[in-house]
Amino acid sequence: MSDLIRSTAAELAAKIASREVSAVEVAQAHLDRIAEVDGSVKAFLHVDAEGALAAARRVDEDVAAGNAPASPLAGVPLALKDVFTTEGVPTTCGSKMLEGWRPPYDATVTRRLKEAGVVILGKTNMDEFAMGSSTENSAYGPTRNPWDLDRIPGGSGGGSSASLAAFEAPLAIGTDTGGSIRQPGSVTGTVGVKPTYGGVSRYGLVAFSSSLDQAGPCARTVLDAALLHEIIAGHDPLDSTSVDAPVPPVVAAAREGANGDLTGVRVGVVTQFSGEGYQPGVLRSFEAAVAQLKQLGAEIVEVSCPSFDYALPAYYLIAPSEASSNLARFDAMRYGLRVGDDGTRSAEEVMSLTREAGFGAEVKRRIMIGTYALSSGYYDAYYGSAQKVRTLISRDFESAFATVDVLVSPTTPTTAFRIGERTGDPMAMYKADLCTIPANLAGNAAMSVPSGLSDEDGLPVGLQIMAPALQDHRMYRVAAAYEAARDAALGHTVISQVPQLEGAAR
Amino acid sequence: MTSVDELMDYAEVVERYDPVLGLEVHVELHTNTKMFCGCANLFGGEPNTHVCPTCLGLPGALPVVNGKAVESAIRIGLALNCEIAEWCRFARKNYFYPDMPKNFQTSQYDEPIAFNGWLDVALDDGTVVRVEIERAHMEEDTGKSLHVGGATGRIHGAEHSLLDYNRAGVPLIEIVTKPITGTGERAPEVARAYVTALRDLLKALDVSDVRMDQGSLRCDANVSLMPKGTTEFGTRTETKNVNSLRSVERAVRFEMTRQAAVLAGGGKITQETRHFDESTGSTSSGRTKETAEDYRYFPEPDLVPVAPSREWVEQLRGTLPELPWERRKRIQQEWNLTDAELRDLVNAGAVDLVAATVEAGATPAEARSWWVAYLTKEANNRGVELAELAITPAQIARVVALVNSGELTNKLAREVVAGVLAGEGEPEAVIEARGLKVVSDDSALEAAVDEALAAQPDVAAKIRDGKVAAAGAIVGAVMKATKGQADAKRVRELVIARCS
């Protein structure tokens with residue numbers, strides 16, 4: 001059993017296709033693992049054992065009938081962030097507001113996974129409505145980092161990344177508005193990719209900030225992430241902001257990169273992302289990763305992106321502004337929580353009482369910030385200025401990519417912090433996304449790949465690789481080359497160092 | 001709540017004040033599907049049957065712009081002589097209301113698809129007023145709230161409310177005029193004429209049902225007054241629920257007399273939304289807005305900009321139909337009508353009906369005499385629009401043909417039409433059922449003639465003496481005896497034959 005849960009998605013798919021193992025056995029092994037360890041990790045909000053086994057059975061029947069696999073990941077289990085709608089399966093977004101809601105429709109990502117024969121094990125925990133960097137803002141309690149159960153698994157997609165590090169699933173889906181895929185990937189020693197904005201459909205992704213939200217793959221290897229990327233990506237007529245262009249050839253790039261040659265690739269080191277506020281062990285890990293890239297033949301140059309210094313404040317105006325509007329629909333009229341409807345109160349009062357009771361503190365804070373930033377008289381100073389900063393950041397990326405193929409930086413300034421450490425200090429929490437936010441504001445592609453463990457605390461560090469819009473394959477090639485070289489140098493994978501969780505169960 | 005507004009005599013109002021109008025017209029497009037989703041765009045239907053995740057505002061659902069609605073918006077803009085934006089966006093208008101699924105309306109704000117146009121409007125006496133158009137923009141309709149248990153059907157006093165989202169997401173075009181000034185005492189008439197002209201235009205474009213009674217054409221009338229000789233606009237009110245052309249005129253007139261009384265009494269006009277009451281012809285205060293509502297508009301991030309190519313716009317310009325006023329000019333020439341005759345035709349709302357009747361075989365004169373004279377009276381008696389009468393141009397044309405062939409007299413023809421209007425079926429069925437055929441059986445007529453001659457021997461003698469003019473009395477008696485169903489010409493021939 002242990003073999004199955006420690007396998008990569010690519011290995012599992014091959015074994016299922018060759019009937020060496022059945023998809024049902026693979027699904028059951030992961031369901032057993034969840035039953036064993038999730039009591040302490042708490043990665044899942046809902047486990048859909050029945051649905052997962054039924055989906056696995058269909059894959060097995062397909063294989064038995066001699067049909068070609070529905071996709072290169074047919075039969076492989078996956079953990080889905082609870083921000084995607086799943087027909088008939090609870091979707092809460094980590095909020096009390098949607099407790100018990102069973103959507104009547106599948107998100108496009110959900111539908112594509114099902115059509116690809118990917119087995120959805122359940123829905124993973126997250127900061128409420130994807131607002132946070134630790135999953136501590138989940139209304140259902142925090143997820144714990146498998147590397148140290150007293151630490152956060154990152155956020156908002158901490159459930160998805162923790163499920164990978166806990167070997168509860170070989171694949172997961174996250175969403176990244178300001179770093180919610182990459183930062184959890186970084187602090188759990190897993191791979192997390194934010195594709196180019198519009199690369200993956202947002203239809204059925206419950207919106208936090210529409211112009212920033214992007215769904216992407218999470219995995220334990222670069223190749224697995226690429227395989228998943230190609231399944232979920234592609235134009236969707238139901239999402240007007242979806243890019244109508246061919247999916248970048250990320251799988252081919254990951255395979256090419258694994259050959260370990262980066263000769264001719266120009267890598268830019270963003271000078272803004274170091275110094276004060278960066279944990280020394282994180283910076284040392286980053287420098288070692290850059291040295292490794294150089295050894296692989298890459299040309300390393302320093303690149304200055306001065307507007308990146310304003311990314312965080314701009315983000316905290318734009319994202320809350322859009323959120324204040326996106327979350328207005330949670331009004332108790334049509335679905336979800338309803339409070340105070342005792343026959344005497346007006347609809348307006350019920351709306352107000354419901355929103356008071358249903359939203360957590362961070363969500364309320366952002367709704368208030370956003371409402372304020374959009375108010376007449378303040379719009380130009382706040383939302384308007386933030387949009388201008390956004391343009392400047394895009395220009396910084398443009399001029400950087402005129403001279404380099406990819407940019408690199410640490411994914412997040414520190415390793416996983418302790419649960420509770422930053423809950424009282426929103427600014428400290430927001431700084432976890434310092435390096436990841438620029439790519440969201442500009443809409444280009446970015447990913448995090450593990451760069452080993454910090455020498456001071458033994459916790460995982462992530463290397464962020466950023467590429468121009470629709471050039472997602474560039475970063476996959478660099479990441480795959482780096483991953484292979486890193487493992488060769490270490491003599492083992494990073495994820496293999498995660499402590500045993502057995503015995504921690506219940 | 002029950003205070004009665006003081007009103008100033010209208011003559012005095014226009015002597016002392018200049019009115020300024022601003023008209024906002026909402027048009028529901030009759031596209032097959034809604035503005036941002038694939039749901040059917042149909043009026044009515046069982047509540048909440050034309051809905052999907054997008055128009056219900058379910059979490060995760062996204063909008064996609066209906067290309068046909070954009071096309072209609074551009075055609076409306078072109079017909080209103082507007083400039084068409086090369087690039088424009090939707091925005092979100094944020095406010096909470098239960099019948100708004102997302103609690104924001106996706107609408108255009110500062111980047112309308114069409115702007116800076118005009119519409120020439122003809123008044124009853126032929127005067128033409130040019131109304132400047134500020135903008136025409138695209139947006140989505142809201143759902144409908146049904147308040148149950150209250151006395152008035154309004155939210156006040158209701159026990160509970162029901163929500164129907166069938167209308168949520170129906171495509172709307174909002175057409176806004178620039179301030180209309182200088183119309184003086186004719187302001188109410190201009191308002192009605194503008195909405196009428198707009199309705200006719202939209203109908204000709206075939207973009208909407210333009211049914212004010214069903215809400216597919218809705219007018220909000222902004223009215224303010226300024227003392228004569230001044231140029232600074234006064235505080236305006238916005239009157240909603242103006243659901244007929246006649247109401248547009250009445251609402252403007254009422255607001256003018258009400259505001260004048262307030263101003264003359266030293267009072268101030270409150271900037272507010274007012275509600276028009278069809279039964280009393282008056283307006284009443286809605287909620288007074290203590291502070292201006294802040295809709296926190298911002299560009300809709302779920303949609304990409306609308307950027308109609310110039311080629312497409314020109315192609316659409318080529319699809320514009322003959323505009324109503326151009327058509328009227330042509331018809332006037334073809335039918336050889338005087339200005340007064342044309343105006344009667346237009347005022348009766350009979351242009352299309354007469355044209356269709358002519359198309360079906362009647363002459364313009366015959367068709368006009370039916371629609372403008374007889375049927376207009378019938379419509380007035382019933383309190384409906386001419387087009388709403390239960391008779392078609394084809395049916396009128398058939399009745400005309402029967403008169404021309406001698407099978408019906410004019411008097412019988414009216415009875416046939418009355419029967420059709422009363423729902424008795426096709427003209428032929430009414431003739432059959434009511435027995436309205438002209439009596440053309442000579443033996444039956446001869447018997448009636450003989451009877452009449454016998455009854456009036458002195459008249460018979462005169463005719464025999466060659467005084468043919470006297471035959472009229474006998475013809476009249478025969479027509480009376482046959483209840484008008486005889487052909488008078490034939491009766492006269494028989495009378496003279498009998499007496500020679």
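## A walk through two chains

Start by selecting A:Phe129, which lies in the loop between S3 and H6 of chain A. (Here helices, H or I in DSSP, are runs of at least four residues, strands, E in DSSP, are runs of at least two, and both are numbered from the N terminus.) Before you go on, note that this is a predicted model, where local features need pLDDT of at least 70 and side-chain atom pairs count only at pLDDT 80 or more, while totals for chains, interfaces and linings use all residues. Residues are numbered from 1 along each chain as its sequence is written, with chains lettered from A and ligands numbered from 1 in the order in which they are written.

**Stop 1: the loop in chain A**

Stay on A:Phe129 and look at its backbone: phi is positive, about 50°, although this residue is not a glycine. Most residues other than glycine have a negative phi, and most peptide bonds are trans. Is A:Phe129 buried or exposed? A:Phe129 counts as buried because it has 32 C-beta neighbours inside 10 Å. (Buried means 20 or more other C-beta atoms within 10 Å of the residue's own, exposed means 12 or fewer, and partly exposed is in between; the C-beta atoms are placed from the backbone.)

Next, select A:Gly155 and A:Ser156. The peptide bond that joins them is cis, with omega about 10°. A:Ser156 is found in the loop between strand S3 (119-124) and helix H6 (158-165) of chain A.

**Stop 2: the annotated active site**

An unreviewed UniProt entry places the feature "active site" at A:Lys81, A:Ser156 and A:Ser180. These residues span 100 residues in sequence, yet no two of their C-alpha atoms are more than 10.9 Å apart, so they gather at one spot. (UniProt positions are given in the numbering used here, feature names are shortened, and annotations may be inferred rather than shown by experiment.)

Zoom in on A:Ser156, which is buried, with 34 other C-beta atoms within 10 Å. Which residues does A:Ser156 contact, leaving aside its neighbours within four places in sequence? They are A:Met126, A:Asp127, A:Ala130, A:Met131, A:Gly132, A:Thr135 and A:Ser180. (Two residues are in contact if their C-beta atoms, placed from the backbone, lie within 7 Å.)

Now move to A:Lys81, found in strand S2 (residues 77-81) of chain A. A:Lys81 is buried too, with 31 other C-beta atoms within 10 Å. Not counting residues up to four places away in sequence, A:Lys81 touches several residues, including A:Thr124, A:Met126 and A:Gly157.

**Stop 3: all of chain A**

Zoom out and colour chain A by secondary structure: there are 17 helices and 11 strands. The radius of gyration of chain A is 21 Å, close to the 23 Å that the globule rule gives for 506 residues, so chain A is as compact as a globular protein of that length. (This radius is taken over C-alpha atoms, and the rule is 2.2 Å times the number of residues to the power 0.38.) Of the 506 residues of chain A, 63% count as buried.

Then select residues 25-474 of chain A, which UniProt lists for "domain: Amidase" in an unreviewed entry. The end C-alpha atoms of this span lie 36 Å apart, and the span is 38% helix and 14% strand.

**Stop 4: where the chains meet**

Show both chains. The contact takes 34 residues from chain A and 27 residues from chain B. On the side of chain A that touches chain B, helix H11 (311-326), helix H12 (347-358) and helix H13 (361-374) each give two or more residues. H11(A) gives the most, with three residues.

**Stop 5: chain B**

Select chain B, which has 16 helices and 14 strands. The radius of gyration of chain B is 30 Å, well over the 23 Å that the globule rule gives for 500 residues, so chain B is more spread out than a compact globule. Along its principal axes, the C-alpha trace of chain B spans about 95 × 55 × 50 Å. Buried residues make up 41% of the 500 residues in chain B.

Finish at B:Asn241, in strand S11 (residues 237-242) of chain B. B:Asn241 has a positive phi of about 65° although it is not a glycine. B:Asn241 is partly exposed, with 18 other C-beta atoms within 10 Å.
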